[in-house]
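Below is a colleague's note on one structure, written for someone who has not looked at it before. Please keep the model open while reading.

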Amino acid sequence: MKACIMCGGAGTRLRPLTFKHPKPSIPILNKPSVLHLIEHLSREGFNEIVMTLGYMGERIEEQLGDGHMFGVHIDYVYEKEKLGTAGGIKNAEKYLKNEPFIVLGGDHVLNLDLREMYRFHETNDAIVTIGLLSIDDPREFGIADMDINNRIHRFLEKPKSGQIFSNLASTGIYICSPSIFEWIPGNKKYDFAKDLFPSLLTANEKINGVLVRGKWTDVGSSAAYRQAQRWMLDALPGTTIEGNFTTRNARIRGPLSIGNNVSIGSNSSLVGPIVIGENTTIGNNVLIGPYSVIGSNCTIEDNAKIFSSYLFDNVCIGKASNISGGVVADETIVGENCSLENGTVIGHRVVIGRDSTIHSGVKVWPEVKIDKNSSIKETLINSDYDTTNEGS
């Protein structure tokens, strides 16, 4: 079975994390988010994968290669200009035109039964089948009006208050028949939700919906990213230790996943689920709480506290610093006795001076230097980088 993964977006809403990583490469449990998706597709029997690439696409191809390590074959199609979701699929037509295929976003994190969705499409005669999920607040998604026979009669992208005729939200997962390409113009920006679906409905072409069960999110915001990490951490099967591991009188309660050459100092306490990357050093009297991920080559100095936070690679946390519900990108240095409050997002190569506080919800752009004794209450922008943080 074939799958097409769309990876063209710039990830502006996830900034400052996406200045160094394209959105599908943002790490979840210390490996690229899209790799979790590919492994799930492989388990479900989708072993022919096409990836449409745009922003930093070379980085994604470099990480995944031809896919044989993950039990799949991957072909890559680059977009010279933004073509939209349907336009990107049209650009990959030569790989997809001979049989039904499933379409997903490169930022999707899920545990849905994709094979069941594909089989449902095969046994019905719709040109496209949309995966639908009942959610509490569908305003950031497309919503569908579906009848008892699974046929969709209305579809509205990002409804406003008073327009929410259904809470069945589109997951952005579509199973398409090859005839879909006849409805998508070439070399033109064209979207599934905004352009293709209204066109099909106007022409009385059949669009089906299928209700899905399980966990799904698109990692489009830092809040969704943290939620996706929690889901993955909840699924840790137990405690695994790869290679050398040293500790002195630490109190450790799993589940944990610990990489090679990790050391934990005296009287430290770790309460899982936690993932720790290779070559990371954790000092004495350190407390790391549940739902935390520490990257590779990190240093957590004495008396630090980390709760429900996600550190990328090569991060240094100074003595007696406290991080609660934050995300800290690569090569950032947090000085001694600092506090990063809930919802903070720190870009790569930031230096935070000692005795500083980053208030809740604040974002710090890459390569910013924060003086000691600072109290940062608003987002700090580095004008050397794009300042847009809304959009894809």
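The points below go through the basis of the model, its sheets, its charged side chains and some backbone details.

1. Basis. This is a predicted model, in which local features need pLDDT of at least 70 and side-chain atom pairs count only at pLDDT 80 or more, while totals for chains, interfaces and linings use all residues. Residues are numbered from 1 along each chain as its sequence is written, and side-chain values use heavy atoms, with hydrogens and water left out.

2. Eight strands form an open sheet in the order β15-β18-β21-β24-β27-β30-β33-β36, with parallel pairing. The edges are held by β15 (245-247) and β36 (369-370); each has a single partner strand, so one side of each is left without a neighbour in the sheet. Helices (H or I, at least four residues) and strands (E, at least two) are DSSP runs, numbered from the N terminus. Two strands count as paired if DSSP finds at least two bridges between them. Within this sheet, β18 (residues 262-264) and β21 (residues 281-282) run parallel and are joined by two bridges. S263 is placed opposite T281 in β21.

3. Another open sheet. The order β14-β17-β20-β23-β26-β29-β32-β35 describes an open sheet of eight strands, with parallel pairing. Its edge strands, β14 (240-241) and β35 (363-364), each pair on one side only. Two bridges connect β14 to β17 (residues 256-258) in the parallel sense, and T240 stands opposite S257 in β17. In general, strands of a sheet pair through backbone hydrogen bonds, either parallel or antiparallel.

4. The structure holds 11 salt bridges, a salt bridge being a side-chain nitrogen of Lys or Arg within 4 Å of a carboxyl oxygen of Asp or Glu. One of them joins K20 to E331, with the closest N and O atoms 3.0 Å apart. These two residues are 311 residues apart and link distant parts of the chain: K20 is in the loop between β1 (2-7) and β2 (27-28), and E331 is in the loop between β29 (327-328) and β30 (333-334). K20 is partly exposed at 25% relative accessible area, and E331 is partly exposed at 31%. For these classes, buried means under 20% relative accessible area, exposed means over 50%, and partly exposed lies in between (1.4 Å probe, protein chains only).

5. A buried pair. Are K23 and D107 buried or exposed? Both are buried. Their side chains meet in a salt bridge (3.0 Å, N to O). This pair also links distant parts of the chain, 84 residues apart, with K23 in the loop between β1 and β2 and D107 in the loop between β6 (101-105) and β7 (108-110).

6. R119 and E122 form a salt bridge with the closest N and O atoms 3.0 Å apart. They are separated by about one helical turn because they lie three residues apart in helix α5 (residues 114-122). R119 is partly exposed at 37% relative accessible area, and E122 is partly exposed at 42%. Salt bridges that share partners also join K20, E331, R349 and E367 into one network.

7. D384 lies in the segment after β37 (375-376) and counts as exposed at 66% relative accessibility. D384 is 18 residues from P366 in sequence, and their C-alpha atoms are 9.1 Å apart in space.

8. Backbone details. Most residues other than glycine have a negative phi, and most peptide bonds are trans. Where are the cis bonds to check? One runs from G254 to P255, with omega near 5°, and P255 lies in the loop between β16 (251-253) and β17. Another joins G272 and P273, with omega about 10°; P273 is in the loop between β19 (269-271) and β20 (274-276). M56, not a glycine, has a positive phi of about 55° and sits in the loop between β4 (48-53) and α2 (57-64). N279, also not a glycine, has a positive phi of about 60° and is found in the loop between β20 and β21. M56 is partly exposed at 24% relative accessibility, and N279 is partly exposed at 30%.
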